[in-house]
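Here is a short briefing to read alongside the model. Keep the viewer open and follow the topics in turn.

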Amino acid sequence: MSGRGATPTTSARAPDRIRAAVSIAVSLLFVLVIAWLSFAPMPPSSSDAVIRLSWRTQPFRLEQCRTLSAEEQAALAAHMRKTEECTGRFVDYEVTLEVDGVTTIDTVSPSGARRDRPVYVFQDAIVEPGPHAVAVRFRALIGATGGREVLDETGRDDTGQDTEGPAPLEWRGSVNLSDREIALVTLDPTGTHLIRFGQSVAPSAER
Amino acid sequence: MPASSSGLNGVTGLFQALGRRSLAHLDALFNRVYGWRYNPLYHTGALVVGCLVVLSVTGIYLLLFYRIGSPWASVERITSQPFTGRWIRTLHRYVSDVAVVAAVVHAFRMAVQDRAWGPRALAWVSGVVLFGVFLLCGWTGYVMVWDTQAQMLAMEGARLFDVLPIFSEPIGRTFVGEQAMPSAFFFTNLFAHIAIPVGLLLILWIHVSRLARTTLMPPRPLFRGMVAVLVVVSVAWPARLDPEADLLRVPSDFGVDVFYNFWLPLTRGAPAGGVWLVILALSALALSYPALTRRRGARAPVPSFVHPRHCTGCEQCYHDCPYEAISMIPRDDGRDGLVGFVDASRCVSCGICSGSCAPMGVGPDGRTGRDQLRDVKEFISRDAPGPLDVVLVACGRGAARGAAAASATAGAPGSFAGASVIEVSCAGSLHTSVIEYLVRAGAGGVMIASCPPRDCWNREGVAWLEARVYEGREAELQDRVDRRRVRIVHAAEFERASLTADIELFRAQVQALDRALSEGSIDIDTTCEPPAVSVAAEGL
């Protein structure tokens, strides 16, 4: 009988030593189950490889400027007078990825609420392991209507103004990927060329 | 009659009924193995705190050897040391897993026992926050190792956060491998892993802020046993170290800790926005559980009330209340001294104050000491107990749950194992005058069947009852009552066989006592010395 006031008497429950042994055994079993679940095998993922595009660049600013007349300058406060007034925007970019002849095109915009922060390219393409022909192109989308017109060969947008945008960046090559290998295409340290950054061993962390 | 525990929503009510039933079966099973005193299911909250203590000690030790400049290599060095590193690292990991299990069981118990709403809502909400923060701390801990599991955790976490308008650039770019992982990342992660437990202490303080006499640590034998078993398993089955993270290879062939990283296999490949929707939905459901289970209208429990005319200002109800819902305030009726005041926003209507008041001046309406005496008089009028009869006063949540209602007829009270049953909302609400009245009315014996002390739904009901019966705590059972005719037993909901055996044994003892009295062959000493050990003294 459990509780207070009970006269000491023979109980139907197991003797204390047996109970202690059973409780230890049950506890060990419980902790072993926990230990096993602590290393539950992750469901196997596919052996697919990845072509990863990742870089960061300052977006090109497309500006249209005009010279202010003498009257307009005089109308401005002395400390705010300027000879030119410019309006503009940061342009979008087009990322073209071609793998074995299959092309995907994405548009990336400058980040930030005012779209005036760097452009980040960060995307993965899943491919089967093995050799692949890869081409990557990165070019600015320049047009007065703000989206999709491409700078023509003369460098003029559709307003007829000469606009020298940045030269498109391209990378072409063949990759031979093993299971789960990631081929990284990124900008070189000068930021002027696309390169493949492919290593089988990750660089060690900074010290 | 104890109030029903089902909530407003039928679904939550069904969940509570099914959950309580399954938990009660598990409690009974564990009581057979561990005994009620050291049943780990009754100490889940304290076990989490105990685990935090062990984690702090082992974590500080491991910190001495962890290097943010070479995280994986430093963990490898720790793991290569069998006596001074490997088992401690393993212990740290397994204890953290046990903490999650204990926390989940603790939350489940509170949820199905209807202890999450009203005055307990703050504890529930802070508990949900605690659990989330705990999982976050575990996330940082696994990332610290910088193995393949850590790589997957970091990249998946970055993918989920990149969909939110928080960061100025995709944080996933940190893990593309075009440059070495900055030490600042590991420093930030380590700082978070240390700072979060400090925040946990603050949330824990909020979690227990509305409880009187909080028990933060489990009983020493249970705690020592838990640590000993974990150490043994840590030595015998050390934690493995997965390969170092390689940012130019998709991680594979690694183990996932089910307790902290269960979400990893589920979110892989799923849209990040969809994952956030699921997280928000589950969080909202968890946080709104108090509102979903809140009793309304006629089923809302009535808070206790102090009758100023009867209150003598002895402060016993103030001391006994497990939820600090009673305070003593100056009188406004011209009498000297203080009078009790019940804060209805903190009162859960447990009725423990009813049992604490000698003049029977406080308690929920219908369950004060006076109401209990009235009810027992009616009980005796229907079926007066005889000198060989045992009357069972049963907590409505224990083994005799529902026995009174199930077996009662128009002319007779309910019974259990041949004993007439008086059901109370909590054993701690029983006024000792009821026990005396039953004995003086001719009952051979009065057995009070309570829940196991650490499973008392009102925390301290059993402890106060035993103190009132055996240790002279106000409102004490008078010395003139023969203690040999009074028994307090502990029986969880599905320990009916055990309670039946206890009743039969007590009945046999009462009958033997009656024979001895009738034969006049022994010198009766009607007062007994209480046993040396008390539930309250053990901190249970």
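In this predicted model, β2(A) and strand β1 (residues 255-256) of chain B pair in the antiparallel sense over two bridges. Within that pairing, A:Ala40 stands opposite B:Val256 in β1(B). Strands here are DSSP runs of E with at least two residues, helices are runs of H or I with at least four, and both are numbered from the N terminus. Two strands count as paired if DSSP finds at least two bridges between them.

A word on conventions: residues are numbered from 1 along each chain as its sequence is written, while chains are lettered from A and ligands numbered from 1 in the order in which they are written. Local features need pLDDT of at least 70 and side-chain atom pairs count only at pLDDT 80 or more, whereas totals for chains, interfaces and linings use all residues; side-chain values use heavy atoms, with hydrogens and water left out.

**Where chain A meets chain B**

- 58 residues of chain A are in contact with 73 residues of chain B, contact meaning heavy atoms within 4.5 Å.
- About 5,200 Å² is buried between chain A and chain B, and 61% of it is on carbon and sulfur atoms; buried area is the accessible area (1.4 Å probe) that two parts lose on being put together, summed over both.
- Six elements of chain A each supply at least two residues of the side that touches chain B: β1 (3-4), α1 (16-37), β2 (40-41), β3 (49-57), β8 (119-127) and β11 (182-187).
- The largest share of that side, 13 residues, comes from α1(A).
- By residue class, the side of chain A that touches chain B divides into 30 nonpolar, 17 polar and eleven charged residues. Ala, Val, Leu, Ile, Met, Phe, Trp, Tyr, Cys and Pro count as nonpolar, Asp, Glu, Lys and Arg as charged, and the others, Gly among them, as polar.
- Between chain A and chain B there are 14 residue pairs in polar contact, both residues at pLDDT 80 or more. A polar contact is a pair of N or O atoms within 3.5 Å; within protein, one must be able to donate a hydrogen and the other to accept it, and residues adjacent in sequence count only if both atoms are side-chain atoms.

**The mixed sheet of chain A**

- Four strands of chain A form an open sheet in the order β8-β3-β11-β12, with mixed pairing.
- β8 and β12 (194-197) of chain A each have a single partner strand, so one side of each is left without a neighbour in the sheet.
- Inside this sheet, β3(A) and β11(A) pair in the parallel sense over four bridges, and the bridge partner of A:Arg52 in β11(A) is A:Leu184.

**The antiparallel sheet of chain A**

- Another four strands of chain A form an open sheet in the order β7-β6-β9-β10, and the pairing is antiparallel.
- Its edge strands are β7 (102-108) and β10 (169-177) of chain A, each pairing on one side only.
- Strands β6 (residues 92-99) and β9 (residues 130-141) of chain A pair over eight bridges, with A:Asp92 opposite A:Leu141 in β9(A).
- A salt bridge of 3.0 Å, N to O, joins the side chains of A:Arg139 and A:Glu94. A:Arg139 is in strand β9 and A:Glu94 in strand β6 of chain A, 45 residues apart.
- Over all chains, the structure holds 27 salt bridges.

**Details in chain B**

- B:Gln509 lies in helix α19 (residues 496-519) of chain B, and a polar contact of 3.1 Å joins its side chain to that of B:Arg487.
- Most residues other than glycine have a negative phi, and most peptide bonds are trans.
- The peptide bond from B:Glu474 to B:Ala475 is cis, with omega near -5°; B:Ala475 is found in the loop between α18 (461-470) and β10 (486-490) of chain B.
- B:Ser349 is not a glycine, yet has a positive phi of about 65°; B:Ser349 is found in the loop between β4 (338-342) and α14 (352-356) of chain B.

Definitions and conventions: Salt bridge = Lys/Arg side-chain N within 4 Å of Asp/Glu carboxyl O.
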